[in-house]
Amino acid sequence: MSETHEYHGLNAGYIEELYERYRQDPALVDAETRAYFDAGHRPATDVRADVPRADIGASSDPTNVVTITEHELAKVVSAARLGRIIRELGHLDAHLDPLGSAPPGDPALLLETHHLTTEDLARLPASVIGGPLSQGAANALEAVARLRKAYSGSIGYEDDHVQVAEEREWLRSSVESGVFFHDLDAEEKKHILRQLTDVDTFEQFLHRTAPYAGQKRFSIEGCDMMVPMLDAIIRCAAQAGTREVVMGMAHRGRLNVLAHILGKPYDAMLAEFGASSSKTAQPAVAGTGAQGYTGDVKYHKGYRRAYALNGPNGPNGSTMPVGHGRGHRSEPTEMPITLAPNPSHLEFVSPAVLGRARAAQERTAGAGGKPPHDRRASLAILIHGDAAFPGQGVVAETLNLGQLYGYTVGGTIHIIANNQLGFTTLPRDGRSTLYASDLAKGFEMPIVHVNADDPIACIAVARMACAYRDRFGKDFLIDLIGYRRLGHNEGEEPAFTQPRMYEKIRSHPRVREIWAKKLEQEHIVSRDEADALVKAVQTRLMEAKNNPPVTSDSHSNKPDVTHDTGEIPGPQPVSVETLSKINHTLVTAPEGFNVDSKIARNFLKPRRDAFEADESAINWAHAEALAFGATLLEGTPIRLTGQDTERGTFTQRHLILHDPTTGEPYCSLQNLPGAKATFAVYNSPLSEAATLGFEYGYSIHAINTLVLWEAQFGDFVNGAQVIIDQFISSGNAKWGQSPSVVLLLPHGYEGQGPEHSSARLERFLELCAGDNMRVAYCSTPAQYFHILRRQAASLAVEPRPLILMTPKSLLRHPRVHSSVRELAEGSFRPVLDDPRAPDRKPGVTRLILCSGKVFYDLTLKSPEEKFADRDEYVNESRIALARVEELNPFPAEELKALLASYPHLTEVVWVQEEPHNMGAWGFMSSRLTELLPSGVSLRYVGRPDAASPAEGSNSRHLREQARIVAEAYAFSETATGAGKNGKGRVSRNGDAAFSAQDAPEPESQQVSEPARHK
């Protein structure tokens, strides 16, 4: 600010306004202004200014000016301030509730707050208010009235939280110009009436007609305009060149959206209200003969249709004329629209929809490099509930993905179907904010509230959302404020909990009635024509009821791809020469790129040397990178994401190198010569639910892409348990989808805390049924290499999710290496036998079975050995040690062959690090029991039952690991709980097994676990 206080005109008025704020509270002005006033500067008391007068002709005439007093100038400042506040806070005076509740209001919107009267405004020119609405206004009073109509009518706009000035200016210009209200001609108004008739008649038919009456359907009534809004958005998207639309929503209104946006036939819809017959029952588990209905309830299902932009007929025969949009296509075109299936877990479909939309936007096949991303290729639409939007944490996680590099879809259009009620809960009990939409303010997206009983306003807002997304590539939120005509479901009485609200609803007209009456007054349709539309829909519905479909579609939406079940296909072998070429790319940086010296010495050099040595020298991360390279050469795209995944949580991966001088990144796999597919690797936000849901959706859509998601530590995946339970494990059985996402979950007991030890293997195994998921716990880099390549090869013929327990300490263990030839000449083996000489087998009486990292605790003797010398265990020659590398599908045939190869076997011992009620024991015990030859017993060795996975103490951990190893090798005539079905534990001396928990120790032995946020 200038040191002088001689300001003139509106600048002087602005200084007065700042000084008024300063006097109320110095914190209300910025630091520089505060310092200016603190120094004693004050607005001049004799300010005069030349300002156009409203009562002297047109304000645009530069000669029509008079000199006004300070008092008059204060009125100018106040009027300008009022205009600004109406633009910012006008939504608080908007009439948004169809049921007529009073808006909250704000004193700042009142004239008296600004010491203004209507006479004051009438004397001032409209230019004081500014903006498009002031043009042509007789004075400031008329301009303010226009502002109030625009900002406090049946639409409320919130954009003050949008930090980009260009976006705010575009939004306000759009509001005040009324551009999105234009072009709604008589034909489009009749089209809205036809749609509302479809929506309303369908719901009333279901409510009143046997056998549908009283059955759950979660009707749309009260937010009927959601269907015409979706139609308007989809038409605008098609006209803008969008090639695909992906939608997600919870159950409320889904049946109507399926019928009137997705075009699902009425007869198929009505058939799903009946019970499934045995003739239409599907196998309960894919690939097995077990019978039973596999599907989902009707209001969870999805559907897919091809939208013909210029086709003559829309869903169920209603005409769909072209509406307002950016540009027009003259040629017919088809655009697929998908409504993704969703469980009762409300908002969890949201990230899956974004993943599908992102997959549709990327071209991944044909050439290597980074996948090109075209945000205009697809549009994501998410419909939220007003209670769920602020209440479900996955919403915030999903919104956070909006502008992230590896996740953005170029803007999602969000609609809150606002019933003003959640189940039986009022807003004051369900959220701490004024609006259901307030969460979105933190993500800087425009928020527009609209009265669901004003069709013209609803369509205008839908058009505005499309245009904003098209221009800025960002999210847009519409808060469609309606009500819920019936209860949460159709079999309950809502007046028990909201009697006054439902008294209003019972007497409130339906929006179709309101709109039909309005068009009748405008002489667009007659009452007879409106009634005829209703009768036509009723006729179609009765015909559908009386003519059910011949076959039942148990999934409603067809599977994305159909596969035969059987043996999992393996990849083509890859030669040593090819692996060597891949490795050369992995260890070579481009000319001029500076590689960090530690990475060059400790990471790239060992990888280079590994191909020059004959011994086993390929570690875990090296095998992974080679598997990725071989997969890209064969034409399968790869997408790898997770927390710190580019570098690797344990500094093991380094798929992205950073020049220490310039900071520029470089990815060798994106520069692989001969690659026939793209490679993408992204660090994810600190989220599990949304990011894993996103990758699930991506894998559903990009069915030929190897999609991998990695947890920072394996147990963090439990933050995404809903995605695992409701989508990954059951998406095929319920909805006919073909998920193939790979979960990389660091797992293993190394003395860290309970939250850094277990990826909860038991939770995945208990969700396994038949071949719905593959669950593996590999123990060598070669096995990891082969299972990744097998997963890629199976995508086109038998996609399944793959759950991998991955290592931590084994990443750098000196004994955990594989040779180049093991990679080139081997293949994945679900079961690995004892590697020692087979001539030992006749003398073996005990077979130890285990999985993963504990194998090395049982076998390795190295300078790192923490356990007692193995020589103290007697009769070690009578023991063999084998590994079950793939737990599901259960390798029954391989295990049968393994057991048969030990002719004098008397017992099998399952050894694991995890507690007895965790890990693989619960899954393996009954299955192993069925395979055991007569006279062979089965018992368990591991930690006892526990409420928490690990001890959280390094010394206790070491003691417990030593006990497990000792017990696995101990022989005794006395066994506790031994027997074919026993789960007792045996110690060396025959006493009850010793647990580290039996003896106290100083807490100084505790080790601190790594912080999650590094």
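## Strand S18 and its partners

S16 and S18 pair in the parallel sense, over five bridges. Leu744 has Leu804 as its bridge partner in S18. This is a predicted model. On the other pairing, three bridges join S18 (residues 802-806) to strand S17 (residues 774-776). These two strands also run parallel. Here Val775 stands opposite Ile803 of S18.

How many of the five residues of S18 are buried? Five of the five are, so the strand is largely enclosed by the rest of the structure. In a regular strand, side chains alternate between the two faces of the sheet. Both faces of S18 are covered. Leu802, Leu804 and Thr806 are buried on one side. Ile803 and Met805 are buried on the other.

## The seven-stranded sheet

S16, S17 and S18 belong to an open sheet of seven strands. The order is S14-S11-S15-S16-S18-S17-S22, and the pairing is mixed. Strand S14 (679-683) and strand S22 (886-888) stand at the edges. Each has a single partner strand, so one side of each is left without a neighbour in the sheet. From one strand to the next, the twist averages 20 degrees.

Helix H22 (residues 689-701) packs on this sheet. The helix touches strand S11 (638-642), strand S15 (706-710) and strand S16 (742-746). Its direction makes about 170 degrees with that of S15.

## Aromatic pairs

A pair of aromatic rings is described by the distance of the centres and the angle of the planes. The count comes to 24 aromatic pairs. Take Tyr22 and Phe37. Their ring centres are 5.1 Å apart and their planes lie at 45 degrees, so the pair is tilted. The pair links distant parts of the chain, 15 residues apart. Tyr22 sits in helix H1 (residues 9-24), and Phe37 in helix H2 (residues 31-38). Both residues are buried.

Trp170 and Phe180 form another pair. Their ring centres are 6.0 Å apart, with planes at 50 degrees, so this pair is tilted too. Trp170 is in helix H6 (residues 165-177). Phe180 is in the loop between H6 and helix H7 (186-208), ten residues apart from Trp170. Trp170 is buried, and so is Phe180. Both belong to one aromatic cluster, together with Tyr468, Phe472 and Phe476.

## Charges over rings

Two arginines lie over phenylalanine rings. The charged end of Arg883 sits over the ring of Phe855, 3.7 Å from its centre. Arg927 lies over the face of Phe923, at 3.7 Å from the ring centre.

## A buried threonine in a loop

Thr364 is placed in the loop between helix H11 (349-361) and strand S7 (378-385). Is Thr364 buried or exposed? At 17% relative accessibility, Thr364 counts as buried. Leaving out residues up to four places away in sequence, Thr364 touches Pro371, Pro637, Ala677, Thr678, Tyr698 and Thr705.

## Backbone exceptions

Most residues other than glycine have a negative phi, and most peptide bonds are trans. Some places in this model depart from that. The peptide bond from Ala210 to Pro211 is cis, with omega near 5 degrees. Pro211 is found in the loop between H7 and helix H8 (226-239). The bond from Asn888 to Pro889 is also cis, with omega near -5 degrees. Pro889 lies in the loop between S22 and helix H29 (892-900).

At 74% relative accessibility, His523 counts as exposed. Asp644 lies in the loop between S11 and strand S12 (657-658). At 28% relative accessibility, Asp644 counts as partly exposed.

## Confidence in the model

What is the mean pLDDT of the protein? The value is 85, and 84% of residues reach 70 or more. Over residues 275-279, pLDDT stays under 50. For that stretch the model has one contact beyond four places in sequence. Over residues 861-875, pLDDT also stays under 50. There the model has 30 contacts beyond four places in sequence.

Note on methods. Residues numbered from 1 in each chain as written. Predicted model: local features only at pLDDT ≥ 70, side-chain atom pairs only at ≥ 80, totals over all residues. Heavy atoms only, no water. pLDDT = per-residue confidence, 0-100. Contact = heavy atoms within 4.5 Å. Pairing = 2+ DSSP bridges. Helix = DSSP H or I, 4+ residues; strand = E, 2+ residues; numbered from the N terminus. Axes fitted to C-alpha atoms, helices over the stretch in contact; angles between N-to-C directions. Phe/Tyr/Trp six-rings, centres within 6.5 Å; stacked < 30°, edge-to-face > 60°. Buried < 20%, exposed > 50% of the residue type's maximum accessible area, 1.4 Å probe, protein only. Lys NZ or Arg CZ within 6 Å of the ring centre and 35° of its normal.
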